[in-house]
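This report describes the architecture of one chain and its contact with a partner. Please consult the sequence and the coordinates alongside the text.

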Amino acid sequence: MNRSRRRNCNAVNAASLARWIVMTAFLAVAGLSYVYLTLQLYHLGEHRKAIENELVTLRAQNDIASGQITALTSRSALQRRLKEGYLTMIPISEANIVRLTIPARSTDEDAIQPVANPSTTR
Amino acid sequence: MNPNSRGRCVLVCVVLIILFSIFSFRLIYLQAIKHDEYAGLAAKKNVYQQIIHAERGSILDANNEVLAHNIPVETVVADATHLNDVDAIIELVSRELRLPSEQLGEKLNSGRRYVVIKREVPAATARALREKLRANNLRGIYFEDDATRIYPNGSMLCHVIGFTDFDHHGIQGVEASMEEYLHGQDGYRFIEHNRAGKEIVPYRGQERAPRDGYQVHLTIDLGLQNIVENEIDAAMHQYSPQKATIILMRPQTGEIMAMANRPNFDLNLRSEAKPEQMKNRAVIDMMEPGSTFKIVAAAAALNERKVRPDSSIFCENGLWNFGGTALHDHRTFSYLSVREILVKSSNIGAAKLALTVGDQKFYEYIRRFGFGERTGIELPGEINGLLRPPRSWSKISITRIPMGHEIGVTPLQMTVAMATIANGGNLIMPRIVKSITTPDGKTISSLSPTVLRQVISPETAREIGDALRGVVSDSGTAAAAAVPGFVIAGKTGTAQKVDPHGGYEHGKYVVSFAGYLPADHPEFVGLVVLDDAHTSKPELNYGGLVAGPIFSRVAERAARYLDLEPHEEIRKAIPVQRVEKSTPAERVRRTAPAERIALTNASRN
């Protein structure tokens, strides 16, 4: 009795089963990973596109701001505002001008030459 | 197996082999030989080449002040097949973009699929329109990124800077001549769209980044340009000439420091400008230079050692019959030295100086001074001027050309000729472009001064320069051109206007003054030209009385701007009030009879 039961019973090959389970699990994980990573790729692509658009917008805003600054500080604009009275110009007095161009001098003068006006005149 | 069965098997195998060979060859043909063609056809279905536009380079002055730059704008377009509610779209878009709704309706119902509704729409306006379209669920209107060229200084330096067309190609001024550097190179990217028209970023293909245009730095100093523009405006207001030109140039390097013409136009409103306003008369307009051209005759005679500065020339007491035609001086002169011929601007003296060197040699000197050929400045449309070869000269040409008749020169050529005297005899190529840099400041090209040739010896240049100092003195023709504190050298010119139908126009003159400052070590050469100036009295319409004072004011302000050291000894020699009209008028009245004679011959100093 025991001998025949043992003979008719199919033994489970645990090692083989484990190998199949691992392989199947690996394939499943690989497939899911592939799907996940592909979705991530699309998602990051969308994100990249959004950042690129944002960058373009920021650049455009920067260019517009630079253009406005240039227009407002251009010589023509400043002169117009000067005429309108929004700006005034105060002439620089001679005493406040520091001349870096040293005037020609005779050879008998001292070697050391002042390059700035004395502080008392400032 | 019997032989018949074997034969059938072989036959079947052969048929199969042939069949699969045909399939294989077809496969190889499609996959290998026709790969590119079919791959291209497949790509056309989904892959698009997206152009990434390069930004046009800026134009800056010598001190890096911006003269031309870009700001982003948008072009509003419509796809007529995508419009879902035409009436609502017309109503909304025409209101937001301030367009007549009838005009917009005509555009959208024109039958074309791609319709440009409006260009150069500010980003803020485009954003507002986009949001309203979305809120009202209106479809079919799209926005394309673009850029527009902005000129912050409006009309200042308009002829030099020039402008661009709709496609951002320069069509005038530096915008045109430096197009190659300013334009940049567009990039591209191959992209794929999904069914909704959105880009599938992971499928991006080959990509090339755009190269933005280079920055062009001009030699123009906007501070000096501002001085010149103010003075030319004042001259236009005072004398209402038909045309006017002022040029400032550094004689040692050929750098153009300022250049202004009238009439002018606003670069930001260029579509409203008339063609006459757009001409850069400094390089494309031709004039008879008048007496300023006498420097060429004197330089030729002195350089050839035919005369010395103190050589005495008989000036025929103001009337000389040569070749059967009378040549007049504006006053009666008997004997004048070469120096005095320039100081007093004797036509007869200048003619005799040219005769000493002869037709051919004189012609050679004229050419050596750069007349009759383009100067080579980086501005489009420059003309050669008009100089006939000696074989085409009449018998009296040798006496007329020295006083600036029978020859056409551009204001720039005259400035360059005066610069040749100022820098010691070298003909220098005028330049308006200082350097070309990348947007991040790396220098691509830096243009250095180009000496074309030694025209006259330094000694001759000095001798001519000495004589030209006398012109701006009490005994000369341009006392009003003097600048307090500085020694000036210069020459006046007054030429009757050439009538396009032949002969000269009565009572119309081109007055000019070309000079440099300081005379010893010139920092700049200046030229003032007024075409058909209107003075309170006709006898006041002289180069020395009209152009001279303008030069004086420009030179004085420029000297202050450049911080030139005044010459102490003559600090108060000639007061500024000298430039007022009253004093020259008295001078003219005293000499009126002699000048009337000169007028008949269209030759005044």
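Of the 605 residues of chain B, 45% are buried, a residue being buried if 20 or more other C-beta atoms, placed from the backbone, lie within 10 Å of its own. The model is predicted: local features need pLDDT of at least 70 and side-chain atom pairs count only at pLDDT 80 or more, whereas totals for chains, interfaces and linings use all residues. Residues are numbered from 1 along each chain as its sequence is written, and chains are lettered from A and ligands numbered from 1 in the order in which they are written.

**Overall form**

Chain B contains 21 helices and 22 strands; these are DSSP runs numbered from the N terminus, with at least four residues (H or I) for a helix and at least two (E) for a strand. Its radius of gyration is 35 Å, well over the 25 Å that the globule rule gives for 605 residues, so chain B is more spread out than a compact globule. The radius is taken over C-alpha atoms, and the rule is 2.2 Å times the number of residues to the power 0.38. Along the principal axes, the C-alpha atoms of chain B fill a box of roughly 135 × 70 × 50 Å.

An automatic or database assignment divides chain B into domain 1 (57-150) and domain 2 (222-267 + 284-604). The centres of these two domains of chain B, taken over C-alpha atoms, are 52 Å apart.

**Strand pairing**

Two strands pair if DSSP finds at least two bridges between them. In chain B, three strands form an open antiparallel sheet in the order 1-6-7. Strand 1 (47-52) and strand 7 (207-208) of chain B are its edge strands, each pairing on one side only.

| Strand pair (chain B) | Sense | Bridges |
|---|---|---|
| strand 6 (187-192) and strand 7 | antiparallel | two bridges |
| strand 19 and strand 20 (504-517) | antiparallel | nine bridges |

**Contact with chain A**

The contact takes 18 residues from chain B and 17 residues from chain A, where contact requires C-beta atoms, placed from the backbone, within 7 Å. Strand 3 of chain B gives the most to its side, with five residues.

Definitions and conventions
Buried ≥ 20, exposed ≤ 12 C-beta atoms within 10 Å, placed from the backbone. Contact = placed C-beta atoms within 7 Å.
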